[in-house]
Amino acid sequence: MASRVESDEDGDNKGSMWDLDQKLDQPMDEEAGRLKNMYREKKFSAVLLLRLAFQSLGVVYGDLGTSPLYVFYNTFPHGVKDPEDVIGALSLIIYSLTLVPLLKYVFVVLRANDNGQGGTFALYSLLCRHAKIKTIPNQHRTDEELTTYSRSTFHEKSFAAKTKRWLEEQATRRSAILILVLVGTCMVIGDGILTPAISVLSAAGGIKVNKPHMSNGVVVLVAVVILVGFFSMQHYGTDRVSWLFAPIVLLWFLLIGGIGIFNIWKHGSSVLKAFSPVYIYRYFKRGGQEGWTSLGGIMLSITGTEALFADLAHFPVSAVQLAFTLIVFPCLLLAYSGQAAYLMNNLDHSQDVFYRSIPDRIYWPVFVVATAAAIVASQATITATFSIIKQALAHGCFPRVKVVYTSKTFLGQIYIPDINWILMILCISVTAGFENQNQIGNAYGTAVVIVMLVTTFLMIMIMILVWRCHWILVLIFTGLSLIVECTYFSSVLFKIDQGGWVPLVIAGAFLVIMYVWHYGTVKRYEFEMHSKVSMAWILGLGPSLGLVRVPGIGLVYTELASGVPHIFSHFITNLPAIHSVVVFVCVKYLPVYTVPEEERFLVKRIGPKNFRMFRCVARYGYKDLHKKDESFEKKLFDNLFMFVRLESMMEGCSDSDEYSLCGQKTVQSMDGMLSNNGNTRTASSNMDISVSSLDSIEPAKSPPHVKSSGQTSSQTEVDELEFLNNNRDAGVVHILGNTVVRARRDSRFYKKIAVDYIYAFLRKICRENSVIFNVPHESLLNVGQIFYV
């Protein structure tokens, strides 16, 4: 399929890494929308940019900012033997913060967002638009005409074109990319469990520092109480309290930066020599394997970086970059340098160096702010988890769960009850089950480094296919990223048995769930595709479809965007009657962040007019929510009536031979019917208008000349609209297919376990389609069928 270009006349790709204008294309509140428009008009003043940078602190940087609570403890869990080790560890922290959050994420990865959406599935959606790697082939080229479906094109002999063909050649490569994305997603879910655990427990540990006689069990109990309250409040959303997040995080950064300056002044500035990378070499030479394994603790200084990308939503990239370079980066460097200065003079205080380095006069205020900052950091991670699960739902990679919007102005703020309680139970189990922070830190580090590796591999493909970078730039980015991340990955492998196994087990469980669900979804779609009813069979039944046509409209829900689904033939062969009007409704998700409301519906006619059969395709992006919307049915019928009006207008065309052949041709034989089809698409309408006697998904050009046909066409239009309205008044019945998937008897045992037990269990506990589509029970009709894979 030829690539379509969304570009200026000079051919420059608007989706490139250097274009910032499209980064804000998503629902926001009125104030943010006003700022977005001013940004696009190049009237983005310094004051407004600073304001957005300030607001981004509370959403984006909470997790990264709370790392000083636990980094040195996890780096030196058994105390510091040599003051030079502190200098070496600080040097590693400085260059880790510089290479990963600053250079890789803030200045490169953030530009790979999908119209403001971040995370692994956003990168996957970008790739799906530039190469045919989507495993559920439910797209059609009409979808590429959406205003939000932007992609670039490239020369057939270019390296990008060769890479594209290589990825599309084999299904195993497409599946490998999907599994890579699922692994990254599962690790982000693991972050959603481990971040609240380590952040809140570390903050609550301040009580024990000031009250040494207090047992560790009391600290854990306080942390658990905070976590229970935190997860219990999620259903209220963050819309009412989010205005507090940015001031809390800003105050936190200023406090840790100021305390760092105080400690450097009090305990000596000799730690500043850590800015020389020579001390990294000396650290490893002196520490050997122990120094190498301590990298697992050093890596916690960059945790939150992956959430930084996943939480990117309501802010331009420039504002996020400004916040990091002006506030986050310098304050973190000062905080770690101050702790290192204190630690060099107090080698036995590594387990609680953060709280011990605080001046006594401000100890309790800092403790309160630290606890609040830990909660904000946890909220950012939970929000990212909800967001990425919503994206997985849209891609058919997660069981259907209830998704609730918690804000009328910020559509990105969602709440998923089932996931929330699962996260709470696992988070409390981790907090109470581990003996110390060090084990949670080991688990946290394992999850973070795997997410970073997944992002690196996806970014390589983004740079080649989307940005079309020179291979030398791709090689430099890949080399630098993998050197740093593989080094950290090798260190966390030594700590698998010390807590590092936890995220692997959690991610493994979620990976099995997501992959099995996706496998079942793909097989169901393939079954529908291969068993769909031929148009010859439908036409052979005649206008009555071989049944009694009773008053009313039947909405037949299907996953097919073309063709007649098998459940329809199953229905009419087992029941003696069918509704006078039949509409096949397909709700499908596309690899775009949103589908504009005016472009959502596509309407077509199936068969001759007297068959009274239509198709309506409702398209959504991965950020859109097909929620309990009573207006969905109304919008569907509005688009259907509009289609009938426009179709009637098109019938007046007599100057176009092509149109008269395709749209008005009288079918002489069944073969002729199957070989001829025609469509029209009006420029003023968002719907595909098909006036063919057959079902078709081929959008055709509008006829060059349209001539009125007088009263005949108008009268036909009025009659059909009246017929549709009368049947709508008679009643609407929703017909849903209840497809049961079973493994064949000769299947391997693992396939039987996956399909007959895991997938069947997930189908049983997940939300029914009737609930997702908000179908009233009194007008619901389920059609059951079984197929074997």
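This is a predicted model: local features need pLDDT of at least 70, side-chain atom pairs count only at pLDDT 80 or more; totals for chains, interfaces and linings use all residues.

Biologist: Is His734 buried or exposed?

Modeller: His734 is buried, because its relative accessibility is 5% and the cut-off for buried is under 20%.

Biologist: Which side chain is in polar contact with the His734 side chain at 3.0 Å?

Modeller: That's Tyr557. The side chain of Glu633 also has a polar contact with the His734 side chain, at 3.3 Å.

Biologist: OK, helices now. How do α21 and α28 pack?

Modeller: Helix α21 (residues 501-530) and helix α28 (residues 749-765) pack at about 95°, and their axes are 10 Å apart. The two are therefore roughly perpendicular to each other, since angles of 65 to 115 degrees get that label.

Biologist: Which residues make that contact?

Modeller: From α21 you have Val512, Ile513, Val516, Trp517, Tyr519, Gly520, Thr521 and Arg524. On the α28 side there are Lys751, Ala754, Val755, Ile758, Tyr759, Leu762 and Arg763. By class, this contact has 10 nonpolar, 2 polar and 3 charged residues.

Biologist: What about α17 and α18, what's their angle?

Modeller: Helix α17 (residues 363-394) and helix α18 (residues 417-433) pack at about 135°, with 11 Å between their axes. The crossing of α17 past α18 is right-handed.

Biologist: And who's touching whom there?

Modeller: α17 brings Ile382, Thr385, Phe386 and Ile389, while α18 brings Ile419, Asn420 and Leu423. This contact divides into 5 nonpolar and 2 polar residues, with no charged ones.

Biologist: Switching topic: what's the phi of Arg468?

Modeller: Arg468 has a positive phi of about 55°, although it isn't a glycine. Arg468 lies in the loop between α19 (437-466) and α20 (471-493). At 34% relative accessibility, Arg468 counts as partly exposed.

Biologist: And Arg612, what's its phi?

Modeller: Arg612 isn't a glycine either, and its phi is positive, about 55°. You'll find Arg612 in the loop between β5 (601-606) and β6 (613-620). Its relative accessible area is 22%, so Arg612 is partly exposed.

Notes. Residues are numbered from 1 along each chain as its sequence is written. Side-chain values use heavy atoms; hydrogens and water are left out. Axes are lines fitted to C-alpha atoms, for helices over the stretch in contact, and angles run from 0 to 180 degrees between N-to-C directions. Helices (H or I, at least four residues) and strands (E, at least two) are DSSP runs, numbered from the N terminus. A crossing is left-handed if the near helix is turned anticlockwise from the far one by less than a right angle, and right-handed if clockwise. Contact means heavy atoms within 4.5 Å. Ala, Val, Leu, Ile, Met, Phe, Trp, Tyr, Cys and Pro count as nonpolar, Asp, Glu, Lys and Arg as charged, and the others, Gly among them, as polar. Buried means under 20% relative accessible area, exposed over 50%, partly exposed in between (1.4 Å probe, protein chains only). A polar contact is a pair of N or O atoms within 3.5 Å; within protein, one must be able to donate a hydrogen and the other to accept it, and residues adjacent in sequence count only if both atoms are side-chain atoms. Angles under 35 degrees count as roughly parallel, over 145 as roughly antiparallel, 65 to 115 as roughly perpendicular and the rest as oblique.
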